Amino acid sequence: MSTNIFWQESPIGKTERQKLLNQKGCVVWITGLSGSGKSTLACSLSRELYTRGKLSYILDGDNLRHGLNKDLGFKAEDRVENIRRVGEVAKLFADAGLICIASLISPYRKDRDACKPFTFRLFSLKNILFDVYMNMSLQLCEARDPKGLYKLARAGKIKGFTGIDDPYESPLNCEIELKEKEGECPSPVAMAEEVIAYLEAKGFLQNQ
Ligand SMILES: Nc1ncnc2c1ncn2[C@@H]1O[C@H](COP(=O)(O)OS(=O)(=O)O)[C@@H](OP(=O)(O)O)[C@H]1O
Ligand SMILES: Nc1ncnc2c1ncn2[C@@H]1O[C@H](COP(=O)(O)OP(=O)(O)O)[C@@H](O)[C@H]1O
């Protein structure tokens with residue numbers, strides 16, 4: 001715990017940066033089971049935003065665990081620290097004026113809620129972090145199993161796998177919920193468009 005620390009103001013603020021970028025910084029936080037399509041949606045959303053001239057950056061759980069979070073595993077306390085760190089980094093990206101897309105399982109409700117911006121001193125009370133819940137059934141995620149991890153978890157070769165022997169606490173008050181319709185998962189582009197419509201309605205894609 002640091003003591004005797006002070007806040008250093010900078011001459012160029014979020015408002016000036018947003019004007020340069022013609023957008024408003026925010027965080028799209030994608031949560032859901034492994035295999036639910038978080039990374040796929042993050043990539044599709046980033047591409048769709050790019051074609052509209054909007055700057056985004058993806059913070060993907062798997063990728064960050066190669067660097068920033070390489071000291072963390074999958075025990076509960078490690079996941080808590082993982083979400084806390086990514087929450088702080090995401091808010092810095094938003095403060096920089098970018099549309100930050102965080103895609104992590106983020107299984108625990110309390111940790112996701114703790115990322116909401118009112119806990120962060122750089123921001124006003126206005127909400128700039130939106131939860132997108134990939135509400136795909138375990139059955140679907142397990143059938144996809146692109147990395148073979150569910151198979152290993154079922155065989156007991158991975159312990160504490162989310163959805164198998166570690167909990168996933170679904171959001172109670174997410175801003176956007178994406179789910180299967182008549183047993184079909186919407187396409188990544190359709191889901192990205194839903195998120196973009198939300199950002200547009202909230203004014204995040206408007207010129208400053
Ligand atoms: N035990 C266990 N449980 C869940 N996931 C596991 C586990 N071990 C490894 N993996 C792989 O790690 C990816 C999830 O990392 P995250 O940082 O998003 O996880 S968390 O938010 O801290 O729970 C996850 O990526 P996704 O499949 O993209 O979700 C897996 O590839
Ligand atoms: N909307 C979708 N429709 C069909 N398949 C999808 C969709 N989204 C993701 N997938 C497929 O499901 C698998 C898991 O997606 P991924 O984005 O890696 O999930 P996560 O990041 O949540 O683990 C991949 O093989 C991907 O191609």
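Which pocket is the space taken by ligand 2? The space that ligand 2 takes is the largest pocket. The views below come from a predicted model.

**View 1. Ligand 2 in its pocket.** Ligand 2 takes up the space of the largest pocket. Two elements each give two or more residues to the shell around ligand 2: α2 (38–51) and α8 (188–201). The largest share of that shell comes from α2, with three residues.

**View 2. The residues around ligand 2.** Ligand 2 is surrounded by 15 residues. The closest are G35, K38, S39, T40 and P186. Sorted by class, the shell around ligand 2 holds six nonpolar residues, seven polar ones and two charged ones.

**View 3. Polar atoms beside ligand 2.** K38 brings a polar side-chain atom to 2.8 Å from an oxygen atom of ligand 2. G37 has a backbone N or O atom 3.0 Å from an oxygen atom of ligand 2. For L33, a backbone N or O atom lies 3.5 Å from an oxygen atom of ligand 2. Taken alone, ligand 2 exposes 560 Å², and the protein buries 72% of that.

**View 4. Ligand 1 in its pocket.** The space taken by ligand 1 is the largest pocket. The elements that supply two or more residues to the shell around ligand 1 are α3 (61–64) and α4 (76–95). Three residues come from α4, the largest share of the shell around ligand 1.

**View 5. The residues around ligand 1.** Around ligand 1 there are 19 residues. S34, R65, N82, S106 and K147 come nearest. By class, the shell around ligand 1 divides into seven nonpolar, seven polar and five charged residues.

View 6. In S34, a side-chain N or O atom is 2.6 Å from an oxygen atom of ligand 1. In K38, a side-chain N or O atom is 2.9 Å from an oxygen atom of ligand 1. In D62, a side-chain N or O atom is 3.3 Å from an oxygen atom of ligand 1. On its own, ligand 1 has 630 Å² of accessible area, and the protein covers 92% of it.

**View 7. K38 beside both ligands.** The K38 side chain has a polar atom 2.8 Å from an oxygen atom of ligand 2. An N or O atom in the side chain of K38 also lies 2.9 Å from an oxygen atom of ligand 1. K38 is among the residues closest to ligand 2.

Conventions
Residues numbered from 1 in each chain as written. Chains lettered and ligands numbered in written order. Predicted model: local features only at pLDDT ≥ 70, side-chain atom pairs only at ≥ 80, totals over all residues. Heavy atoms only, no water. Near = heavy atom within 4 Å. Polar contact = N/O pair within 3.5 Å; in protein donor to acceptor, adjacent residues only side chain to side chain. Areas by Shrake-Rupley, 256 points an atom, 1.4 Å probe, with all protein chains shown as cover. 1 Å grid on protein atoms, 1.4 Å probe; cavity = no way out; pocket = protein on both sides within 12 Å on 5 of 7 lines; lining within 4 Å. Sits in = over half its atoms within 2 Å of the grid points. Helix = DSSP H or I, 4+ residues; strand = E, 2+ residues; numbered from the N terminus. Nonpolar A, V, L, I, M, F, W, Y, C, P; charged D, E, K, R; others polar.
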